[in-house]
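Let's take a walk through this structure together, moving from its sheets and helices to the charged pairs that connect them. Please keep the view open as you read.

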Amino acid sequence: MHKVKVYITLRESVLDPQGAAVQQSLHSLTYNEVSDVRVGKYIELTIEDTDRDLDQLVKEMCEKLLANTVIESYRYDVEEVITR
Amino acid sequence: MKFAVIVFPGSNCDVDMYHAIKDALGEEVEYVWHSTENLDQYDGILLPGGFSYGDYLRSGAIARFSNVMAEVVKAAQAGKPVLGVCNGFQILLEAGLLPGAMRRNEGLKFICRNVGLKVENNQSMFTSGYELHETVTIPVAHGEGNYYCDAETLAELKRDNRILFTYDGENPNGSLEQIAGITNEQGNVLGMMPHPERAVDSLLGSKDGLKIFQSIVKNWRESHVITA
């Protein structure tokens, strides 16, 4: 079994209105060191052992449903879950 | 002409759309549940606004995998008029029937008010009833109507006159080039954020939206003349 952690953010080239608002708010809290904020999504998938290629599977899921690649980019980490 | 109003779990402008077709336009219309697997009997397909599947993940992202969407694609390929309003537009984008994507409104607020729209192209099956560059009043009601596409797509949209409506004057949501409504390459699929179905009677504050539906019917009648 694997735990897959998917991180989705707006692409670099796409203006992030939420990130901009959060950055402004951080500045008003005097955290002027913050030069950029990108707000994204975090999705955790628990995937049972399968004969299918895990990377292939996760990429497919990301591109079909989890991310909209017109405006979003994604990355993911895979952790093996040891079960007794 | 017989219209289908596609109803997803979470659609909430389906009744307005039905009313616009039945009472204001005077054409046949039926509600069609999202699990339907055949749209052959309908001449026009309407995807109403709302919050399909609670807007979970992204607006329209889950609805676009409904059974009925394969049929909507089929209808679009067959050249039938397909109109997606607000959440309907977002579903058409997610389904890839229209290019681009929606971001959160620039001001992060849900906006719900009348806006001025400029008719950028009146040579389409949806806008033939308008004057070119006419300004019309139609309400918007959305939190994610900030249209985005890449530069290449934008150039194509402009070159082929596929931008039918832009916001006149102030940009309410940050949309690229003030874009409010676009069509597919063939010109028979229109997605727009403003709600023409809410502007079909002076009593509602405006009847400027009615011409979209009238244009669809006029075009359909002209191309379906019985030649006996």
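A residue is called buried when its relative accessible area is under 20%, exposed when it is over 50%, and partly exposed in between. With that cut-off, B:Lys2 is a buried residue because its relative accessibility is 15%. Please bear in mind that you are looking at a predicted model.

How confident is the predictor about chain A? Its mean pLDDT is 94, and 99% of the residues in chain A reach 70 or more. Among the elements of this chain, helix H2 (residues 54-66) of chain A has the highest mean pLDDT, at 97, while helix H1 (residues 17-28) of chain A has the lowest, at 94.

Strand S1 (residues 2-10) of chain A runs antiparallel to S3(A), and nine bridges join the two.

Now turn to chain B. Its open sheet has nine strands with mixed pairing, in the order S2-S1-S3-S4-S11-S10-S9-S6-S7 (chain B). The edge strands of this sheet are S2 and strand S7 (135-142) of chain B, and each pairs on one side only. Here the twist averages 25° from one strand to the next. S1(B) and S3(B) run parallel and are joined by three bridges; within S3(B), B:Gly44 stands opposite B:Phe3. Helix H2 (residues 67-77) of chain B packs on the sheet, where it touches S1, S2, S3, S4 and S11 of chain B, and its direction makes about 135° with that of S3(B).

Which residues of H5(B) are buried? They are B:Leu210, B:Ile212, B:Phe213, B:Ser215, B:Ile216, B:Val217 and B:Trp220.

Next come the charged pairs. Over all chains, the count is 15 salt bridges. One of them joins the side chains of B:Lys2 and B:Glu30, at 3.5 Å from N to O. This pair links distant parts of the chain, with B:Lys2 in strand S1 (residues 2-7) of chain B and B:Glu30 in strand S2 (residues 28-33) of chain B, 28 residues apart. B:Lys2 is buried, whereas B:Glu30, at 31% relative accessibility, is partly exposed.

Another salt bridge connects B:Arg221 with B:Glu27, at 2.5 Å from N to O. It too links distant parts of the chain: B:Arg221 lies in helix H5 of chain B and B:Glu27 in the loop between H1 and S2 of chain B, 194 residues apart. B:Arg221 is partly exposed, at 39% relative accessible area, whereas B:Glu27 counts as buried at 14%. There is also a network of salt bridges linking A:Lys41, A:Glu72, B:Arg58 and B:Glu94.

Finally, two backbone details. Most residues other than glycine have a negative phi. B:Asp55, however, has a positive phi of about 60° without being a glycine. B:Asp55 sits in the loop between S3 and H2 of chain B, and is partly exposed with a relative accessible area of 22%. B:Gln178 likewise has a positive phi, near 60°. Where is B:Gln178 found? Its place is in the loop between S9 and strand S10 (179-183) of chain B, and at 23% relative accessibility B:Gln178 counts as partly exposed.

How values were computed:
Residues numbered from 1 in each chain as written. Chains lettered and ligands numbered in written order. Predicted model: local features only at pLDDT ≥ 70, side-chain atom pairs only at ≥ 80, totals over all residues. Heavy atoms only, no water. Salt bridge = Lys/Arg side-chain N within 4 Å of Asp/Glu carboxyl O. Helix = DSSP H or I, 4+ residues; strand = E, 2+ residues; numbered from the N terminus. Buried < 20%, exposed > 50% of the residue type's maximum accessible area, 1.4 Å probe, protein only. pLDDT = per-residue confidence, 0-100. Pairing = 2+ DSSP bridges. Axes fitted to C-alpha atoms, helices over the stretch in contact; angles between N-to-C directions. Contact = heavy atoms within 4.5 Å.
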